[in-house]
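Here is a short briefing for a reader who is meeting this structure for the first time. Keep the sequence and the 3D view open while you read.

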Amino acid sequence: MLETKYPTEPLKCWNKAKTLRENYYKDFAEAHEKGGLRWAGGAWSFDAIPAGLGDDVYSLTGEPYGATVAFNDKFALECQEATEARGFARDLCSYMRNYWGSILINKYAWPQFSEEFPKADFIWQDHICCSHSKWYQVASELEGGIPMFSIDVSVGPYEELTDHKINYIVGQMHDGINWLEKVTGRDYDDELLIKAVKNEFRSCHYWAAICELNKAIPAPLDEKSMYSLYVLGTLKKSAQWTADFYEKELYPEVKDRVARGIAAVGNEKCRIMTDTQPPWAFLRIFRYLEQYGCVSIGSLYTFGLIGLWEVKADGTWGPKTIPEIEITNRDEALRALADWNLSKPEWQHFYHPKLKSDMMIRIAKEWKLDGVFLHFNRGCEGLSLGIAENRLAIQKAGIPNMPFEGNMGDEREFDLERTMKRVDAFMESIDMEKIRKF
Amino acid sequence: MITVGLDAGSKNTKVCIFDDKVLSTASVLSGFDQEESAEQVLNSALDKAGIKREEIKHITVTGAGMDAIKFADTNITTITADARGTYFIFPSVRTIVDIGAEEGRVVKIDEHGKVKDFGINEKCAAGAGAFIEAMSRALEVEIEEMGELSLKSTKQIPMNAQCTIFAESEVVSLIHQKTNKEDIIRAVHDAIADRNTSMLRQIGIEKDISLIGGMAKNIGFVEAMNRNLGFDLLVPKDVVAPEYVSALGAALIAQDKIRG
């Protein structure tokens, strides 16, 4: 038994989060049986826009699907080998390879809902990472030519945003809606769009608010658990069920945990954050950290993939304020949506590593961290870009850090034993003793 | 107070017996059963020092195989052992390069010998001793002769391959081109030095720097590192040989454990 310093208790809404996630994959698989539509695209796509086609339009976002595959190591290997046999290189995005593999072997990661990989009716994507559009171009080809629309969002960092850049994106969104009407044969409902945009504001705001609560000592949430919670925003951030879950269930519960001093890790002595996606098949490394009384309070990745942030009056980071604007038509909705998404923290560091370093150093200070783990993630070039420079900046800021190599979606490129040894060395260097040694 | 530091390395298991000073050291191939090898090398070091097993107050183990050594009292990571052992020998050292058979490590320490930062090359044999072994086989030169031979080189040849497999192909090509063995060996040493100085730069170069581990016994490699960095590294000689520094560190940490 590990010594306990703080009270702990399971999250009451944990099972609800699990059910929402399951329902999402079930709905996608069964959409056609209900007369609905299926679309595929990235977790960062503007999912509020296809919402205007009706309430019976269901999505499958690629990154969370790739992570789901990765978590099931046997299935992941089957997918990866199928992708490699088809001639794709092993150093491509591992989520993408898992997704393609799932198409190639025609197996769904949720066999209880569909044994075959459910084919989407159309692809709705955006493009900021070098793989995004290519991912779905190939997916479309592998599935016999699914119609695809992709929006280029790589207009530079939010701090340099101009009307011209917004217009560039909004113009593509308008074109996209015309395209959606054409390929689906449905009329577009702007009221549904406006509702979805408002849901997205709430989802992104409240997820950030939940992460902000982790500034508390002890932290009410640990990152391993947060992965099962933030995922809802990556599945469908514009859905009412996501926004309601974050605002009405998870946020109040976590706030209550802070008020009562409920810890995620009962023996919390040390706080770290990670960086980029974890090696999904090896989440037990977080449990290993607990042997040192170490809690990972999250990361820029878990905070900023879906959560939106702003600097508050006191200079600290807090959830981005939900715009107090009246949205009356399609154009206003699209402009608000474009502006909102372009401030996404995880989009900023595609432009310069300094932007990411600054945010990470801010988190390390405001969340009172003892160290940072940096995942040199061979499975994601986009989010690993500049990570060596991040390390130098974090070092310079005097924050202990530990880089490790791995791959979020391909377990063949992660060495658990060596990583644990590296964790041991890091913990010794910051004077943390293993509670169970020998 | 006699303590023992055991370094269960991936290739060799080293032991250091300490009591105010180093009493003896010994080394053996780690083999398949690391615990048996550790027992064997410990007995050998005890014999050399004329000490009985019962006189040992504490055994601390480090190294890649440390979890297999169940008879040890405590364990410690190689990073911490390197820091402790090197600081004991050279208190002026702020950066350590430890290159063993299969792993290269760099450690930054403060003025009290405490670890500030570290880096580990655990995935590329081209930066470790295994590379020299592979090349000595390809060149049909005894591994012990590699260092001296490279000092006779008259020509610098760049080696571009980034991994042992491709580097070996490059060496074979050089052999076919009738390149002097001495020049090829120097190129091999330069390649390993390149990889390790690159890792060193990731944590920041701060003098003095010490080179430890089995590779520090290779004079040609030490020269390559010195050339690459533009100054001389400190290589342990008097207190213990460079491959025993981790074991020494473990023995010193064992002393700390007894003293509380």
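What follows is a tour by topic, from the interface to single residues.

The structure is a predicted model. Chain A and chain B bury about 1900 Å² between them. Across the whole structure there are 45 salt bridges over all chains, along with 37 aromatic pairs.

**The interface of chain A and chain B**

- The contact involves 20 residues of chain A and 23 residues of chain B.
- Of the buried area, 44% is on carbon and sulfur atoms.
- Four salt bridges cross the interface.
- One salt bridge joins the side chains of Asp67(B) and Lys421(A), at 2.8 Å from N to O.
- On chain A, helix 16 (387-396), strand 10 (401-406) and helix 17 each supply at least two residues of the side that touches chain B.
- Helix 17 of chain A gives the most to that side, with eight residues.
- By class, the side of chain A that touches chain B has six nonpolar, four polar and ten charged residues.

- Thr77(B) sits in the loop between strand 5 (74-75) and helix 2 (78-89) of chain B.
- Its relative accessible area is 6%, so Thr77(B) is buried.
- The side chains of Thr77(B) and Glu428(A) are joined by a polar contact of 2.6 Å.
- Neighbours within four places in sequence aside, Thr77(B) is in contact with Lys421(A), Asp424(A), Ala425(A), Glu428(A) and Thr62(B).

**Lys434(A), after helix 17**

- Lys434(A) is found in the segment after helix 17 (416-429) of chain A.
- Lys434(A) has 18% relative accessibility, so it counts as buried.
- Its side chain makes a polar contact of 2.7 Å with the side chain of Tyr288(A).
- Residues up to four places away in sequence aside, Lys434(A) touches Tyr288(A), Gln291(A), Tyr292(A) and Asp424(A).

**Salt bridges**

- Side chains of opposite charge can pair when their charged atoms come close.
- Arg105(B) forms a salt bridge with Asp98(B), with the closest N and O atoms 2.9 Å apart.
- Arg105(B) counts as buried because its relative accessibility is 10%.
- Asp98(B) also counts as buried, at 3% relative accessibility.
- Salt bridges with shared partners join Asp415(A), Arg418(A), Asp82(B), Asp98(B), Glu103(B) and Arg105(B) into one network.
- Asp7(B) and Lys14(B) meet through their side chains in a salt bridge of 3.6 Å, N to O.
- Both Asp7(B) and Lys14(B) are buried.
- Arg260(A) forms a salt bridge with Asp256(A), and their closest N and O atoms are 2.9 Å apart.
- Arg260(A) and Asp256(A) both lie in helix 9 (residues 240-260) of chain A, four residues apart, about one turn of the helix.
- Arg260(A) counts as partly exposed, at 39% relative accessibility.
- Asp256(A) counts as partly exposed, at 31% relative accessibility.

- Helix 2 (residues 62-71) of chain A has nine of its ten residues buried, so it is largely enclosed by the rest of the structure.
- Among the buried residues of this helix are Glu63(A), Tyr65(A) and Val69(A).
- Tyr24(A) and Tyr25(A) form an edge-to-face aromatic pair, 5.1 Å centre to centre with 90° between the planes.
- Both Tyr24(A) and Tyr25(A) are buried.
- Tyr65(A) and Tyr108(A) are stacked, because their planes are at 15° and their ring centres are 5.9 Å apart.
- Tyr65(A) lies in helix 2 and Tyr108(A) in the loop between helix 4 (94-104) and strand 3 (122-127) of chain A, so the pair ties together parts that are 43 residues apart in sequence.
- Tyr65(A) counts as buried, at 0% relative accessibility.
- Tyr108(A) counts as buried, at 2% relative accessibility.
- One aromatic cluster includes Tyr24(A), Tyr25(A), Tyr65(A), Tyr108(A), Trp110(A) and Trp241(A).

**Ile192(B), a buried residue of chain B**

- Ile192(B) lies in helix 6 (residues 181-203) of chain B.
- Its relative accessibility is 0%, so Ile192(B) counts as buried.
- Ile192(B) and Met159(B) are 33 residues apart in sequence and 9.8 Å apart in space, C-alpha to C-alpha.

How values were computed:
Residues numbered from 1 in each chain as written. Chains lettered and ligands numbered in written order. Predicted model: local features only at pLDDT ≥ 70, side-chain atom pairs only at ≥ 80, totals over all residues. Heavy atoms only, no water. Buried < 20%, exposed > 50% of the residue type's maximum accessible area, 1.4 Å probe, protein only. Polar contact = N/O pair within 3.5 Å; in protein donor to acceptor, adjacent residues only side chain to side chain. Contact = heavy atoms within 4.5 Å. Buried area = accessible area lost by both parts, 1.4 Å probe. Nonpolar A, V, L, I, M, F, W, Y, C, P; charged D, E, K, R; others polar. Phe/Tyr/Trp six-rings, centres within 6.5 Å; stacked < 30°, edge-to-face > 60°.
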